[in-house]
Amino acid sequence: MKSFINVEDIGDLRQALTEAQEIKNDRFKYQHLGRNKTLMMIFFNNSLRTRLSTQKAAMNLGMNVIVLDVNAGAWKLETERGVIMDGDKSEHLLEAIPVMGCYCDLIGVRSFAGLSDREYDYAETVLHQFIKYSGRPVFAMETATVHPLQAFADLITISEYSKQSETKRPKVVLTWAPHCRALPQAVPNSFAQWMNAADVDFVVTHPKGYELDPKFVGNARVEYDQKKAFEGADFIYAKNWSNPGVTNPADYGKITCEDRAWTVDTDHMAWTNNAKFMHCLPVRRNLIVTDDVIESPNSIVIPEAANREISCSVVLKRMLEKLDPIAL
């Protein structure tokens, strides 16, 4: 696996889930793959779970880890070509990237959407510069449009809890919920993409005007009536996203709905089939979800977060195998 961005990069999902369980049973089984190899994690934005889980996964695989927070201690980086660099940015990404590649074997990149220029964000300019110029395998630790490590962890979690309840083909609902800040679409995009590829009954519900990009929604059923969407659901995945600008490009990145009726509370969960509640975290309590729901026995946000280590372990393992097939 040369790069990891979308669900297609992981290949057969059943095999990926089998590998995830294998690694969960023995997290240090493949330590030999990472011996004397270095992972560089590059953060243009803040992180808690992604940073900790990715570093832990790399350590489990025997890797050395370098963490670069671009906004704390590094030169400010210019990302655009053709710019006269007479401002506060001292180094261009096109020089910085190949230098970074000299010091590592794998690169993880975290770079959020700016939410002002849809075309720029959805072109994944920063990520693709790393892929083109680093000379190293690159994986997404959340980008302008996708968060595949989270979506893979979500799928692992749904698979585990479906087996526990003997649910053969669960109904999974991705629901928009209100937020006080404009957030990117990366998590819902990837979640939709991965659920479409999985063996689940997948429904997306949100206010009109908040339609996600069709390339991520795929064949998912879109339901504007939240109650109708929740009926019979086995898993509720709550997440806010700002306006994707699909129906009206001028609204891209804006908050065009603040309807608190979409907040997931006990009444909402009562519409479901005793569903498990999921969220990628961090979560704004009593805005996205009420205290009683996220603290209930049906909340699986902590096991979901724990599976971030497992999803990343599978991805890093496959990338290391590609680097050194003799070590398999």
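1. Is Asp105 buried, exposed or partly exposed? Asp105 counts as partly exposed, because its relative accessibility is 21% (buried means under 20% relative accessible area, exposed over 50%, and partly exposed in between, with a 1.4 Å probe and protein chains only). Asp105 sits in the loop between helix H3 (93–102) and strand E6. Helices (H or I, at least four residues) and strands (E, at least two) are DSSP runs, numbered from the N terminus.

2. A word on the basis of this note. The model is predicted, local features need pLDDT of at least 70, side-chain atom pairs count only at pLDDT 80 or more, and totals for chains, interfaces and linings use all residues. Residues are numbered from 1 along each chain as its sequence is written, and side-chain values use heavy atoms, with hydrogens and water left out.

3. Which residues does Asp105 touch, leaving aside its neighbours within four places in sequence? They are Asn36, Lys37, Thr38, Arg136, Pro137 and Leu323, where contact means heavy atoms within 4.5 Å. Asp105 and Leu323 are 218 residues apart in sequence, but their C-alpha atoms are 8.4 Å apart in space.

4. On the chain in general: there are 12 helices and 12 strands. The radius of gyration is 20 Å, close to the 20 Å that the globule rule gives for 328 residues, so the chain is as compact as a globular protein of that length. This radius is taken over C-alpha atoms, and the rule is 2.2 Å times the number of residues to the power 0.38. Along its principal axes the C-alpha trace spans about 55 × 50 × 30 Å. Of the 328 residues, 55% are buried. Among contacts between residues at least 6 apart in sequence, 78% join residues at least 24 apart.

5. Two residues have a positive phi of about 65 degrees although neither is a glycine: Asn36 and Leu115. Asn36 is in the loop between helix H1 (13–25) and strand E2 (38–43), and counts as exposed because its relative accessibility is 68%. Leu115 is in the loop between strand E6 (106–110) and helix H4 (118–122), and at 15% it counts as buried.

6. The largest pocket has a volume of about 710 Å³. On a 1 Å grid over the protein atoms alone, a pocket is an open set of points with protein on both sides within 12 Å along at least five of seven lines; a cavity is a set where a 1.4 Å probe fits but cannot get out; lining residues have an atom within 4 Å of a point. Grid points are joined across faces, edges and corners, and a volume is the space filled by probe spheres set on the points. The pocket has 30 lining residues, with Arg110, Phe112, Glu142, Leu183 and Pro282 nearest its centre. Helix H2 (49–60) and helix H7 (186–197) each supply at least two lining residues.

7. The peptide bond from Leu281 to Pro282 is cis, with omega near 0 degrees. Pro282 is in the loop between strand E12 (276–278) and helix H11 (291–294).

8. How many cavities of 30 Å³ or more does a search of the whole structure find? The search finds one, and the largest cavity has a volume of about 40 Å³. Its lining includes Trp176, His179, Arg181 and Leu183. Leu183 is also among the residues nearest the centre of the largest pocket.
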